[in-house]
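Subject: Structure for your review

Hello,

Here is the structure you will be working with. Please open it alongside this message.

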Amino acid sequence: MTLFDIVKKNMKGNIQNYLLYFLSLIISVVIFYTFVSLQDTTEIQERAESFEIIHSIIIQASIILVLFVGIFIWYSNSFFTKRRKKEVGLYALLGIRKKTIGRMLFYENLILGFIALLIGILLGALFSRLFAMILLKLLDSPMDVGFHISVDAIVYTSIVFALIIILTSIQAYRLIYQFKLITLFQAEKQGEQVPKPSLPLAILSIIMLLGSAWIVYEPLTDEAMANLGLFSLFTINGTYLLFRSVIVYLLKIIQNKKTYYYKGINLIGTAQILHRIKGNTLTLTIISLLSAAALTAFYMGYSEYYNIKKNAMNHSPFSYLHISKNKASDQQIKQMIQQDRQHPTLSQVDIPVIQVNGNISGLGYIPYGYSANKTPVRILSSHTYNQITKALNRKGTLHLAGNQAAMIRPNSDQTDSEYVGHKITVQGDQTLTFVRLFEDRVINWSDPDFYIMVSEERFKELAKLTKPFLYKAYRVTNQENAKVTSNQLLQLAAKQNITMSTFYLDYRKNLEAAGLDLFLLGFLGIIFVVATGSIIYFKQLMEAHLDQERYRMIRKIGASKKEITTTIAKQTLFVYLLPLVIGILHSTLIFTIIYPMGEVFTVTILVSILVYGVIYFLYYLLSVYSYNKIVNT
Amino acid sequence: MRTILQTKNLKKVYRTKESIFQALDNIELTVREGEFVGIMGPSGSGKTTLLHLFATIDEPTSGEIEIAGTDIMQLNEDQRSSFRRKQLGFIFQDYNLLDTLTVKENILLPLVLEKMKVAEMEQSVNEIASRFGIQSILDKYPYQISGGQKQRTAASRAMIARPSLLLADEPTGALDSKSATDLLESLKNVNETDKVTILMVTHDAFAASYCKRVIFIKDGKTFTELVRGNHSRKDFFQKVINVLPVLGGNIDDTL
């Protein structure tokens with residue numbers, strides 16, 4: 001038997017501790033490998049219409065991922081090494097040199113790390129196929145992805161993780177130099193001090209948290225960044241103080257409520273939480289904030305995806321829209337559209353448009369890059385507008401007379417008061433007064449997106465001086481999958497130099513961007529959830545080992561196993577539920593800053609909370625089970 | 001007989017921001033080969049600090065310690081490791097066994113560090129295990145055996161490399177009286193037959209009565225010393241008991 005055998009044997013015996021660390025390493029590698037290999041998947045490259053964007057987004061996301069994974073591994077490594085303090089101390093006492101012990105820990109970590117790296121890459125190669133298929137499904141082009149191994153992904157993953165593993169191995173090496181041998185002889189410091197509840201700090205925390213909510217609903221300044229900064233400042237400090245003071249305060253109140261406190265073994269659970277909370281304040285704060293970030297990521301990804309169709313409809317109201325060049329090509333296009341039997345034409349409109357330079361200095365809004373006295377203005381007649389609304393199945397008709405004009409708002413945050421009653425001049429002396437503002441576009445967005453409607457008579461007068469050009473617009477059924485016709489039309493248009501846009505292309509672009517965002521944000525979000533869940537789990541395991549003696553004593557004085565299980569379940573619920581609830585509250589606030597309330601809002605939040613809640617619940621069950629196994633058997 | 005342990009003018013001072021605490025003051029102590037010495041004192045008297053200094057895991061503020069002819073103050077970190085391995089054995093109140101190794105593996109850990117041959121190891125383990133009466137549990141794990149058996153395992157581990165000095169810190173502290181008696185009998189036995197030098201810190205007068213000499217310390221100073229001589233263990237126990245009230249503190253709590 002050699003020292004190596006002993007170490008090996010010890011590793012086997014402590015498999016539970018090693019396994020946890022090992023698994024977190026493997027999971028990190030799998031996630032990273034999968035992520036990097038996605039950009040190398042030919043199926044995705046072929047399917048995606050804008051692969052360049054996907055590529056750069058994946059690279060950015062993987063940088064965030066490296067940071068996060070690095071922190072996570074570092075964290076679990078320090079938990080892991082701390083657990084072995086006693087063993088290491090004993091080796092030192094029996095006369096192994098510090099350097100030898102350090103080396104032993106270094107190589108152990110190194111070997112463990114590289115085995116995890118190998119397994120992680122193998123699993124990653126399997127999983128990346130699955131993830132690629134999920135991504136393609138989100139991009140609305142589901143297909144079977146063949147098994148393939150990405151050399152790039154292997155190289156990147158190996159480099160990144162070799163670095164992380166070497167760093168953590170050095171940390172392991174330093175363990176023996178970090179504590180004095182004498183600490184082994186002294187009894188393990190039992191618990192931590194109970195923090196003193198401070199009423200002023202508790203009040204300050206509540207004020208800060210309420211303040212952060214107030215900023216959301218009543219912004220202090222017009223600067224979005226300043227508001228976000230203040231919000232973050234209040235949220236972060238408020239959350240820290242919440243755990244530091246408010247929770248302590250509430251627990252103290254529970255302690256004073258003797259009818260509850262002395263019931264069953266409530267006093268043990270409560271006292272336990274109170275003793276631990278000081279050491280856990282920072283972790284709980286970080287986890288609450290990370291949960292908030294993860295939930296926000298879920299929300300954003302999901303609501304964007306949820307809104308794709310609406311966004312595309314808003315951007316391209318018609319299925320196909322082109323500028324008429326000559327009769328022959330118009331006819332050719334019309335035929336092409338009508339030949340598509342899967343997508344029969346619902347309506348067709350000719351839209352004459354006059355484009356003139358106008359003086360819009362009477363308005364508060366001047367499109368970016370244009371001067372107030374010379375902005376291109378596109379003019380439709382109210383009659384055409386009514387035809388369009390009918391073709392698009394929209395409600396309401398427009399009647400204009402004399403100088404009256406209506407406007408389609410160029411930016412979604414503009415209101416009636418910015419236009420109604422204001423005047424502009426076109427063709428030098430024609431003054432128009434706005435009487436209405438419409439929200440929905442009738443023609444595809446185009447810079448500077450300045451569309452106004454005038455009366456039929458006024459339109460004819462203007463047409464005498466400026467010749468209108470003609471848009472031909474088609475609406476077809478199932479426009480979101482009219483890929484073939486859309487591509488044919490775009491090819492034809494490119495050949496003949498015709499301005500053409502299709503709903504399908506816009507929709508696909510949106511879908512790709514949103515699908516990718518949902519995938520990436522969801523991916524990062526899930527990693528956050530898993531990581532925070534694991535961190536709490538590790539902490540619970542650590543505490544279980546420290547509390548073993550205490551529970552044995554409690555059982556000796558007569559507490560039943562069932563009672564102990566109940567108190568463990570309650571304590572554990574506290575550490576999982578609290579950050580989750582605070583995370584949900586924070587993220588809902590952040591989400592309110594980004595998106596105004598609406599139907600999407602509720603659906604998104606419910607779905608995200610459900611996903612998060614389910615994962616946390618599984619962690620919770622695992623924690624209670626493991627904790628119980630350690631102290632209650 | 002040769003001197004195993006000698007201290008001169010040993011001092012240990014703990015300084016904190018608010019106060020200075022003199023844990024050990026001018027301790028002069030000599031232990032000869034084959035002695036079984038007990039150190040008694042009330043809580044906070046400095047007895048455990050003294051043991052830590054001998055164990056080379058803590059350093060005195062001033063003074064000299066010589067163990068088996070080596071001035072341990074002159075040793076560097078690596079030399080200390082090697083010194084602990086070759087010259088010292090340890091027994092703790094809470095055993096400090098590795099849960100993942102069997103009793104046998106725990107015992108032969110020091111030999112593994114010495115890179116001894118397997119056959120020799122096996123023989124040494126069997127020898128020492130029979131001394132402490134634990135042959136039957138060699139293949140069990142620490143969590144499968146009783147406290148008394150654990151402590152005898154720890155004692156076997158401390159003895160197996162034949163150290164010059166065995167340091168025991170409250171070895172009977174966590175044991176019931178039957179297990180404590182068994183352990184003390186075993187220690188007495190190896191002390192008498194193998195001439196192993198033992199230094200035991202205890203606040204249990206019964207444990208102390210197994211020693212050949214008991215040194216009492218109070219407030220960091222040597223208070224008095226009792227030698228068993230030709231007295232029976234029972235008489236010696238009574239003599240120890242008689243000192244305790246004079247010594248003060250809460251030492252008689254455990255009686």
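This is a predicted model: local features need pLDDT of at least 70, side-chain atom pairs count only at pLDDT 80 or more; totals for chains, interfaces and linings use all residues.

Helix α2 of chain B

Helix α2 of chain B covers residues 77-87. Its buried residues are Arg80(B), Ser81(B), Phe83(B), Arg84(B) and Arg85(B). These buried residues pack against parts of both chains: α5 (85-93) and α6 (98-138) in chain A, and β4 (62-67), β5 (70-71), β6 (88-91) and α3 (103-113) in chain B. In an α-helix there are 3.6 residues a turn, so residues three or four places apart point the same way. At the N-terminal end, α2(B) is capped by Asn76(B). A side-chain oxygen of Asn76(B) is 3.1 Å from the backbone nitrogen of Asp78(B).

The second largest pocket

The volume of the second largest pocket is about 820 Å³. Its lining consists of 27 residues, and those nearest the centre are Lys310(A), Asn311(A), Met313(A), Asn314(A) and His315(A). Two or more lining residues come from each of α13 (308-315), β8 (469-476) and α18 (503-556) of chain A. With 6 residues, α13(A) supplies the largest share of the lining.

By residue class, the lining has 11 charged, 10 polar and 6 nonpolar residues. Domain 2 (200-317 + 508-633) and domain 3 (318-507) of chain A each contribute at least three residues to this lining.

Arg458(A)

Arg458(A) belongs to helix α16 of chain A, residues 456-465. Is Arg458(A) buried or exposed? Arg458(A) counts as buried because its relative accessible area is 12%, and the cut-off for buried is under 20%. Leaving out residues up to four places away in sequence, Arg458(A) touches Gly402(A), Asn403(A), Gln430(A), Thr431(A) and Leu432(A). Ser381(A) is 77 residues from Arg458(A) in sequence, while the C-alpha to C-alpha distance between them is 8.0 Å.

Ser347(A)

Ser347(A) is in strand β2 of chain A, which runs over residues 345-359. Ser347(A) has a relative accessible area of 14% and is therefore buried by that same cut-off of under 20%. Apart from neighbours within four places in sequence, the contacts of Ser347(A) are Ala391(A), Ala473(A), Tyr474(A) and Arg475(A). With Ala391(A) there is a polar contact: a polar atom of the Ser347(A) side chain lies 3.1 Å from the backbone oxygen of Ala391(A).

Regards

How values were computed:
Residues are numbered from 1 along each chain as its sequence is written. Chains are lettered from A and ligands numbered from 1 in the order in which they are written. Side-chain values use heavy atoms; hydrogens and water are left out. Buried means under 20% relative accessible area, exposed over 50%, partly exposed in between (1.4 Å probe, protein chains only). Helices (H or I, at least four residues) and strands (E, at least two) are DSSP runs, numbered from the N terminus. Contact means heavy atoms within 4.5 Å. A polar contact is a pair of N or O atoms within 3.5 Å; within protein, one must be able to donate a hydrogen and the other to accept it, and residues adjacent in sequence count only if both atoms are side-chain atoms. On a 1 Å grid over the protein atoms alone, a cavity is a set of points where a 1.4 Å probe fits but cannot get out, and a pocket is an open set with protein on both sides within 12 Å along at least five of seven lines; lining residues have an atom within 4 Å of a point. Grid points are joined across faces, edges and corners, and a volume is the space filled by probe spheres set on the points. Ala, Val, Leu, Ile, Met, Phe, Trp, Tyr, Cys and Pro count as nonpolar, Asp, Glu, Lys and Arg as charged, and the others, Gly among them, as polar. Domain bounds come from an automatic or database domain assignment.
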